[in-house]
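User: I would like a close look at a single part of this structure. Please treat it in one connected account.

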Amino acid sequence: MDCLCETKRKSFKAIFVYNIETNEKFQITDGIADAISPVWDASGKYIYTLASTNYGLTSGWLDMSSYDVSVTRSLYAIVLNSKDDAPIIPKTDEENSKTMNDKSEDDKKEDIDKKDKNKKNDSKDKDKLAEIPKVVIDEENIFNRVVPLQLKEGKYVELIKGPRNIVFVAENIPGETGSKIHSYSLEDGKATKYAKNISDMVVSADRENALIRQNNNWSITNTSKPLKDEEKLKMDLKVKVDPKAEYHQIFKEGWRFMRDFLYVNNVHGAPWDEIYEWYAPWIDHVRHRTDLNYVVDIMSGEVSIGHSYVSGGDMPKIDRVPVGLLGCDFEWTKDGYRISKIYNGERWNPGTYPPLGLPGINVKEGYYILSINGKLVTPKENIYSLLEQKADREITIEVNNKPSPTGAKSFLVKPVSNERDLRYMDWVEGNRKKVDELSNGKLAYVYVPNTSQDGFKSFNRYYFSQQDKKGVIIDERNNGGGSAADYMIDIMSRELFGYFNSKTNDNRPWTTPMAGIWGPKVMLINERAGSGGDLLPYMFKAKNLGPLIGTRTWGGLVGTWDTPLFIDGGRMVAPRGGFYDVNGEWAVEGEGVSPDIEVIQEPRLSMNGNDPQLERGVKEAMKLLKTQEFQMQPEPKAPVRWKRPEGYKTEN
């Protein structure tokens, strides 16, 4: 009996088979396409797999250059026995009839006997389970026996076994919850809809039934017909837990995770067996899950490494009161609550909603809030008590430009539950405008909040929308990390190769590459930028793209992935992948990236609205512009390429 698996070779995944009787293993896909999710057909003749030929950049999963790549996959069948035909080999009706007629009388009789047996046998399911097909796999030339099936490529993510000559294909549909499941028939050469919004699907050993999770409900259904509204299974199971025993188990698992998953085998030299003995007795005194997290956290701190986070677990559920926020700053005066600042958001962000910043809501800075839903705002109570349970619900506020009801106006507004995005966009846009003002319009400002999807979007949005600028300030202060920002470095490293002229509009030629900022670049860094926020300035410096200004970064560059969760869903991270440089030396972790020009963000200055690091960045960029300002080459004189031999006019 063979089992199969995926493995990575040269960054692309390939399918291998393994014989559990002989311990032999060999590869059955060539690795030129990225193959995933192998599934046996019930006949034992084929292995189905999904494979992608545009997987390319996604193979660099840690790199930001893998973002926004549309990976599609197609369905394939691998013919295992060289004597078997491809499942899509053309056949005529005459051939199908002949195949049936060519059967011997014994074969026909055996078919009839089997049918009768299935009808009469009460233990049909047991018999089916016992009928394991004989699998024959010819290794020679097997790469050429991979057959594409007749299913249009799509965003398929998984295959699930089905009845004979049937395979289920899971597809991710944008905007839908869970996966759409297709039932692909080898005989018909087409797929039919089986179910949608499926988050889990497990098929029974006899392939006749499936356990389905759809919209958080579980049901058991037949695999031979599309899913209908089956009777939902009751999932009201409860398990008794001995908290003390579970705490000891979790502690020991955390100790083992750091020992077994850490990026190096010496646990940074810590006497790990002794450390277990030091902290294990503390678990007897744990009385709450947060106590356990505390002990696990200080134990992991013995390793002296960044990214060793501890969080979560089986915590009590807290009934939080959603307090509504108006997207503004208040100041209490002797006359009442006065609006000192309104956060209008930024119009090109659909997810940012400014309660007081919409056209038609004529509330201005300096106005007083007199009442909320008819209740007077008085100094005897906190204004937020009147906004309890008002998040995302319409309320009426009464305002006036003076602390008096005379001439006051009422507006229907909808408070938000969180003002973070409003305040964030105000800070970013404030910085962009400040850079524009200080540089007389010559410099772009690009903020990179992290090296994950939000940072990717922010970089693309601000960098490419300001290509008319002569230089750029890249602000990665407080960068929360994520991926390796190779994409940003590639874009900022672009070199100019030439131009294409244009006879339209103002005749301004295009550069090639077309998209880019060709002038000087300056990066702002600080102590709160780490992980991917360490690596970005490290690469910026290595490529000599410009000076780093600010303070030394955090210094956490041992990556975090695949540490298992604890039994109750809690987490302790054993940092998994350490970074070392091209000279073979460990780098950045515990050190950070130092600036070329150190600028301390002094509170006495920043509290007054100044930003010393930003201001110094603009100053240095303007210095560089004196010698590095990009000037577009004018279009050369039109070439004369027409040519004829001398005397052509006198020739007949």
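How do the residues of the lining of the second largest pocket divide into nonpolar, polar and charged?

Analyst: The model is predicted, with local features requiring pLDDT of at least 70 and side-chain atom pairs pLDDT 80 or more, while totals for chains, interfaces and linings use all residues. Residues are numbered from 1 along each chain as its sequence is written, and side-chain values use heavy atoms, without hydrogens and water.

The lining of the second largest pocket divides into eight nonpolar, seven polar and six charged residues (Ala, Val, Leu, Ile, Met, Phe, Trp, Tyr, Cys and Pro count as nonpolar, Asp, Glu, Lys and Arg as charged, and the others, Gly among them, as polar). This pocket holds about 610 Å³ of space. Of its 21 lining residues, Arg-420, Asp-421, Tyr-424, Pro-449 and Asp-454 are the closest to its centre. A pocket is an open set of points on a 1 Å grid over the protein atoms alone, where a 1.4 Å probe fits, with protein on both sides within 12 Å along at least five of seven lines; lining residues have an atom within 4 Å of a point. Its volume is the space filled by probe spheres set on the points, which are joined across faces, edges and corners.

Helix 7 gives the largest share of this lining, seven residues, and helix 7 and helix 8 each supply at least two (helices are DSSP runs of H or I, at least four residues, numbered from the N terminus).

Helix 7 (residues 420-438) packs against helix 8 (residues 453-464) at an angle of about 30°, their axes 14 Å apart. Helix 7 is therefore roughly parallel to helix 8 (angles under 35 degrees, taken from 0 to 180 degrees between N-to-C directions, with axes fitted to C-alpha atoms over the stretch in contact). Tyr-424, Met-425, Val-428, Glu-429 and Arg-432 of helix 7 make the contact with Ser-458, Arg-461 and Tyr-462 of helix 8 (heavy atoms within 4.5 Å).

Conventions
Angles under 35 degrees count as roughly parallel, over 145 as roughly antiparallel, 65 to 115 as roughly perpendicular and the rest as oblique.
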